[in-house]
Amino acid sequence: MIPAVVYAIPAFVLLVAVEALSYRFLPDDDERGYEARDTVTSMSMGAGSQVIALPWKAVTIVAFAALYSVAPWQLSATSVWTWVLLFFAEDLAYYVFHRSHHRVRVLWASHVVHHSSVRFNLSTALRQSWTPMTTLPFWLPLALLGIPPWMILLQQSVSLIYQFFLHTERVDRLWRPIEYVFNTPSHHRVHHGSNNAYLDRNYGGILIVWDRIFGTFQAEGERVEYGLTKNIDTYNPLRVAFHEYAATWRDVRGTTRWRDRAGYVFGPPGWTPDASRS
């Protein structure tokens, strides 16, 4: 099965070009817009992620199918309630995946790729990880609920396509009821901010209600500074893809205490032995 998001790639590229032209002819001093090297890097990361995702998708399908086959019941794809359950369950799974990938360093080493640009535009949405292996466990429970694997894969693609449109400064806040329920460009700008007030906020996929329920919501206020708390200052795709894995390995090698090694791997990004004993 080819993910639906693959069919959307030509539209993604076209919309990136349209947004870039909008900055050319309708510049805004408060928006950073595009920079050629940054955009090329984002597109390269996106292309690489799709190449790697193709064989990994086969592993995902097998895992979903195996669990679906032993589920206590198998839900019907013709029932509207199966689709309703899928929508909310998949979005919650995304929230848990996303929050975990910000709070556990070995997972962050994969996800940090998406946050490595100091710009925020539609091309940033394409800046994806080359190590998708950390994502699978978070969606396995959906197969155990009896949801057909093809439905899970389809809803994952729907979520990713929706989230593509969140990566823009060209859209201001939307109608308040929409902002309250759904993830929007305003909410996602906060998520990509390196400001102290914005760190580890707004993990939602399509919905923002999980952040409101679990206390991770932050409205957009002060100007967003995009990127990492310590930016990597490189356009080399290999360094973008693996720099945090390398940094984690250096920290692990730099200590002899197994407790500290575990902290560097499974603690939150920025964890240090001194901080853990303070």
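This is a predicted model: local features need pLDDT of at least 70, side-chain atom pairs count only at pLDDT 80 or more; totals for chains, interfaces and linings use all residues.

Colleague: What makes residues 83-216 a stretch with a name?

Modeller: The name comes from a record. An unreviewed UniProt entry annotates residues 83-216 as "domain: Fatty acid hydroxylase". Such annotations may be inferred rather than shown by experiment.

Colleague: Where does UniProt place the feature "transmembrane region"?

Modeller: The unreviewed entry gives residues 6-26, 47-68, 80-97 and 136-154. In the model, residues 47-68 are 100% helix and 0% strand, with end C-alpha atoms 31 Å apart. Residues 80-97 are also 100% helix and 0% strand. Their end C-alpha atoms are 26 Å apart.

Colleague: Which residues make the contact of α1 and α6?

Modeller: From α1 come A4, V5, A8, F12, L15 and V16. From α6 come L154, S157, I161 and F164. By class, nine are nonpolar, one is polar and none is charged.

Colleague: And why are α2 and α6 called oblique?

Modeller: Their packing angle is about 135°, with the axes 9 Å apart. Roughly antiparallel needs an angle over 145, and roughly perpendicular runs from 65 to 115. Therefore α2 and α6 are oblique to each other.

Colleague: Which residues meet in the packing of α2 and α6?

Modeller: K57, T60, I61, F64, A65 and Y68 of α2 meet P149, I152, L153 and Q156 of α6. The contact of α2 with α6 has seven nonpolar, two polar and one charged residues.

Colleague: On to charges. How many salt bridges does a search of the whole structure find?

Modeller: The search finds eight.

Colleague: What makes R127 and D38 a salt bridge?

Modeller: Their closest N and O atoms are 3.0 Å apart. The cut-off is within 4 Å. So the pair counts as a salt bridge. The pair joins distant parts of the chain, 89 residues apart. R127 sits in the loop between α4 (105-111) and α5 (140-144), and D38 in helix α2 (residues 36-69).

Colleague: How do you know whether R127 and D38 are buried or exposed?

Modeller: Buried means under 20% relative accessible area. R127 has 1%, so R127 is buried. D38 has 4%, so D38 is buried.

Colleague: What about R105 and D251: how far apart are N and O?

Modeller: The N to O distance is 2.7 Å, and the two side chains meet in a salt bridge. R105 is in helix α4, and D251 is in helix α10 (residues 237-253). They are 146 residues apart, in distant parts of the chain.

Colleague: Why do R105 and D251 get their accessibility labels?

Modeller: R105 has 8% relative accessibility, so R105 counts as buried. D251 has 28%.

Colleague: Why is D233 called exposed?

Modeller: Exposed means over 50% relative accessible area. D233 has 71%, so D233 counts as exposed. D233 is in the loop between α9 (209-214) and α10. D233 and G215 are 18 residues apart in sequence, and their C-alpha atoms are 32 Å apart in space.

Colleague: Last one. What label does P177 get, and why?

Modeller: P177 lies in helix α7 (residues 176-181). Its relative accessibility is 39%, so P177 counts as partly exposed. P177 and A247 are 70 residues apart along the chain, and 42 Å separates their C-alpha atoms.

Terms used
Residues are numbered from 1 along each chain as its sequence is written. Side-chain values use heavy atoms; hydrogens and water are left out. Contact means heavy atoms within 4.5 Å. Helices (H or I, at least four residues) and strands (E, at least two) are DSSP runs, numbered from the N terminus. Ala, Val, Leu, Ile, Met, Phe, Trp, Tyr, Cys and Pro count as nonpolar, Asp, Glu, Lys and Arg as charged, and the others, Gly among them, as polar. Buried means under 20% relative accessible area, exposed over 50%, partly exposed in between (1.4 Å probe, protein chains only). Axes are lines fitted to C-alpha atoms, for helices over the stretch in contact, and angles run from 0 to 180 degrees between N-to-C directions. Angles under 35 degrees count as roughly parallel, over 145 as roughly antiparallel, 65 to 115 as roughly perpendicular and the rest as oblique.
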